[in-house]
Amino acid sequence: MASISGMATSAKVSPSWGSNSLSAKIPSQLGAFSKLYNTFSLASNGLTATVPTQLGLASSLRNRFKLESNFLSSSLPSELASMAKMGDEFHVHSNEAMCG
């Protein structure tokens, strides 16, 4: 079973790391969590660069996808299109230089 920092990627997880002063690129390895369940939040941090296409692999995410209020740039990868159906719970606003 694959793991990232000792956490099983096949387990149901709802990571919420919002408002933690994280500053770096979003690791593409987070897309290995194939069973993201309720919430995925990296909102209100200092994250930079682009959104990794691998996050689109989290097709089981049900409720919230939150990347707002960071310093992300570029456009959203098309792999995230299925998550946009969450409507009001798909948050990517307030990012520097992000389009799409």
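Rings of Phe, Tyr and Trp (its six-membered ring) pair if their centres lie within 6.5 Å, and planes under 30 degrees apart count as stacked. I start my notes with that rule, and with a reminder that this is a predicted model.

**Entry 1: aromatic pairs**

I searched the whole structure for aromatic pairs and found two. In one of them, F40 and F65 are stacked, at 5.6 Å centre to centre with 15 degrees between the planes. F40 belongs to strand β3 and F65 to strand β5, so this pair ties together parts that are 25 residues apart in sequence. I then looked at F65 and F90, which also form a stacked pair, at 5.3 Å centre to centre and 15 degrees between the planes. Here F65 lies in strand β5 and F90 in strand β8, so parts 25 residues apart in sequence are again tied together. I wrote down F40, F65 and F90 as one aromatic cluster.

My cut-off for buried is under 20% relative accessible area. F65 has 1% relative accessibility, so F65 counts as buried. F90 is at 16%, so F90 counts as buried too.

**Entry 2: what surrounds F65**

Next I asked which residues F65 touches, not counting those up to four places away in sequence. My list reads F40, L55, L80, M83, M86, E89, F90, H91 and V92. I also checked the largest nonpolar core, which has 21 residues. The members that touch the most other members are I26, F40, V51, L55, F65, L67 and M83.

**Entry 3**

Three strands form an open sheet, ordered β3-β5-β8, with parallel pairing. β3 (39–41) and β8 (90–91) are the edge strands, and each of them pairs on one side only. Between β3 and β5 (residues 64–66) I found three bridges, and the two strands run parallel. As one example, T39 has R64 in β5 as its bridge partner.

With 6% relative accessibility, S41 counts as buried. A polar atom of the S41 side chain lies 3.5 Å from the backbone nitrogen of A43.

**Entry 4: the salt bridge**

How many salt bridges does a search of the whole structure find? I found one. R64 and E89 meet there through their side chains, at 3.4 Å from N to O. The pair links distant parts of the chain, 25 residues apart: R64 sits in strand β5, and E89 in the loop between β7 (74–75) and β8. R64 is partly exposed, with a relative accessible area of 36%. E89, at 29% relative accessibility, counts as partly exposed as well.

**Entry 5: N95**

My last stop was N95, in the loop between β8 and β9 (98–99). Why does N95 count as buried? Its relative accessibility is 12%, and the cut-off for buried is under 20%. I looked up the polar contacts of the N95 side chain. The N95 side chain reaches the backbone oxygen of V92 at 2.7 Å. A polar atom of the N95 side chain also lies 3.2 Å from the backbone nitrogen of N70. Leaving aside neighbours within four places in sequence, I listed L67, E68, S69, N70, F71 and L72 as the contacts of N95.

Terms used. Residues are numbered from 1 along each chain as its sequence is written. This is a predicted model: local features need pLDDT of at least 70, side-chain atom pairs count only at pLDDT 80 or more; totals for chains, interfaces and linings use all residues. Side-chain values use heavy atoms; hydrogens and water are left out. A nonpolar core is a set of buried Ala, Val, Leu, Ile, Met, Phe, Trp, Tyr and Cys residues joined through side-chain atoms within 4.5 Å. Buried means under 20% relative accessible area, exposed over 50%, partly exposed in between (1.4 Å probe, protein chains only). Contact means heavy atoms within 4.5 Å. Two strands pair if DSSP finds at least two bridges between them. Helices (H or I, at least four residues) and strands (E, at least two) are DSSP runs, numbered from the N terminus. A polar contact is a pair of N or O atoms within 3.5 Å; within protein, one must be able to donate a hydrogen and the other to accept it, and residues adjacent in sequence count only if both atoms are side-chain atoms. A salt bridge is a side-chain nitrogen of Lys or Arg within 4 Å of a carboxyl oxygen of Asp or Glu. Rings of Phe, Tyr and Trp (its six-membered ring) pair if their centres lie within 6.5 Å; planes under 30 degrees apart count as stacked, over 60 as edge-to-face and the rest as tilted.
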